Every structure is written in C-alpha cells, then in structure tokens.
Amino acid sequence: MLIVDLFIFIISLMFGSFFNVVAIRLLKKESISYPPSHCTYCNHRLGFFDLFPLLSYLFLKGRCRYCKEKISPLYPLGEGMTAIIFFLVYKKIGITPELLPAILLSTLLILSVLTDIREKLILDIITLPSIVVLIITRFFIGGEPFLTYLIGGVVGFGLLLLLAVVSKGGMGGGDIKLYAAIGVVLGPALTVMSLVLASFVGAVVGILLISLKIVKRKEPIAFGPSIMIGTLVAYLYGEEIWTWYSSLLL
C-alpha cells in the first residue's frame, strides 16, 4: 500500500502541474497544448524536472533555472494543493466507483481556485462542461436516486443565486454555476452543509486578511478557496459531522 500511496501522490503532483498550465492559459485565452511549458519571463522551454513546480521551487529557491527571475508561489501552491486533495480523496473513498465523481469535482474545484486567486474569476469554460459531465456521471454512479443529485444541483444554484441577489452583486456568477456543479455531486443536504462551512471559512479568512492589512475593507476576496474547503469537508466528512452534531443536540 505504501508503494501505491506514493504512486498516487506523484501522479497527483503531475496533475497539479498540468492544472497550473490550464488555469493560466485559459485566463489568457491561449491553447493549453501549445506552446510547450516555458518560463513566462525568458520563454525558455522547461525541462522535465522543471515540470514539478513544488520540487523545483524548493531546490531552485523560488527562481527560474535559466533566467533566475522569481517564480510565483502560486505554481507550487497549485501542485501541492492538487497532490494533497487527490491523495485525501483517494484515501477516504478508496478505489470505488465513487472515486470518479470525487476526482472530477476535485479537479473542478482546484481549477476554479487557481483562476479565482489569480484573477478573481471562475471560468464558464471550465464550469459549464463540468456540470454536464458530472450529471452524466451521477446518472451511473451514486448511492442516492439520480433525481436527488439533480435536486442538489438546483439547490446549489438557487442558494448562491439568492445570496447574489441579497448581497447585490457580492457573489459572482462563477460562484453560482460552481455551486450547481457541487450540488450535482453532493446532493441537497451536503450542499447546504458545504455552503455553511464555506461561509464560515470565508468569514474567518476575510477577518484575518483585513486584520493583517493584506486587503482593505470592502475589497473583493476570492471565495473559491473557501468554497473548495467547505465542499471537500462536507463531501468527505459530512456524515461524521452530522452524527457529531446530532449527538450534541441529543
């Protein structure tokens, strides 16, 4: 199992490197397949070991191997985040059919975070096809009736749309569509839980960023990372959380 775990982690790192490329190029409206990966400063094509930002960032002390310019910490962040999330999903769900929707949802969340923290955008070109793929996946894989997952999508979309209306534009359209996809995977109950958790995380992070004077009051803050955390916690540990909460009430 140790060998399998190590293999999964390394593969996840590779996916994380690819997700970085996808996020950046889609934001720039460029092809994700051409040209090959290169330094954004000197345009030098990256070697094999350079394609692992987490490792190369550490060994090269955050600088390009060729031109010595500083590398954005978002590159190792994207790779490390992907590796950790994929590994946790694999360990919690195991090699079961449910792993497919879990990985698809995780991929959507990771890409959304990578674009959101860069440009405060969650792209329709990522979200809308993902909704279709997730609906098809849930038709074949799921422990609940298919209609439950469709209702979950409607609940996710509806709740975020309501928040957008109440906050008068404080919630972006990308967040609304993202929650439709989340609802399709989680179903209505866990979708509500994920939103509660995401709101809590977002509030705590917002207070910290303002207290540390990293952002100003009323300055928009990317909600994507909070959505990702709330969703993954609800998806992977929602039943345990509900059991614990119910025991407190009793």
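Student: Is K120 buried, partly exposed or exposed?

Tutor: Relative accessible area decides: buried is under 20%, exposed is over 50%, and partly exposed is in between, with a 1.4 Å probe and protein chains only. K120 counts as partly exposed, because its relative accessibility is 45%. This is a predicted model, so local features need pLDDT of at least 70, side-chain atom pairs count only at pLDDT 80 or more, and totals for chains, interfaces and linings use all residues. Residues are numbered from 1 along each chain as its sequence is written, and side-chain values use heavy atoms, leaving out hydrogens and water.

Student: Where is K120 placed?

Tutor: Helices are DSSP runs of H or I with at least four residues, strands are runs of E with at least two, and numbering starts at the N terminus. K120 sits in the loop between α4 and α5. Its phi is positive, about 55 degrees, although K120 is not a glycine.

Student: Which loop holds K213?

Tutor: The loop between α7 and α8. K213 is not a glycine either, and its phi is positive, near 60 degrees. K213 counts as exposed, because its relative accessibility is 74%.

Student: Which residues touch the most other members of the largest nonpolar core?

Tutor: Such a core is a set of buried Ala, Val, Leu, Ile, Met, Phe, Trp, Tyr and Cys residues joined through side-chain atoms within 4.5 Å. In soluble globular proteins, nonpolar side chains tend to be buried together. Here the largest core has 44 residues, and I85, L109, I110, I182, M228 and Y235 touch the most other members. The elements giving two or more residues are α1 (2-27), α3 (74-93), α4 (99-119), α5 (124-140), α6 (146-166), α7 (173-211) and α8. The most comes from α7, with 12 residues.

Student: What does L109 touch?

Tutor: Contact means heavy atoms within 4.5 Å. Not counting residues up to four places away in sequence, L109 touches L178, I182, I227, M228, T231 and L232.

Student: How do the axes of α6 and α7 cross?

Tutor: Axes are lines fitted to C-alpha atoms, for helices over the stretch in contact, and angles run from 0 to 180 degrees between N-to-C directions. The α6 and α7 axes come within 6 Å and cross at roughly 110 degrees. So α6 is roughly perpendicular to α7. The classes are roughly parallel under 35 degrees, roughly antiparallel over 145, roughly perpendicular from 65 to 115, and oblique for the rest.

Student: Is this crossing left-handed or right-handed?

Tutor: Compare the near helix with the far one: turned anticlockwise by less than a right angle is left-handed, clockwise is right-handed. The α6 and α7 crossing is right-handed.

Student: What does the side chain of S226 reach?

Tutor: A polar contact pairs N or O atoms within 3.5 Å; within protein, one must be able to donate a hydrogen and the other to accept it, and residues adjacent in sequence count only if both atoms are side-chain atoms. The S226 side chain reaches the backbone nitrogen of G202 at 3.4 Å. S226 lies in α8 (residues 224-249) and is buried, at 5%. Beyond its neighbours within four places in sequence, S226 contacts A198, V201 and G202.
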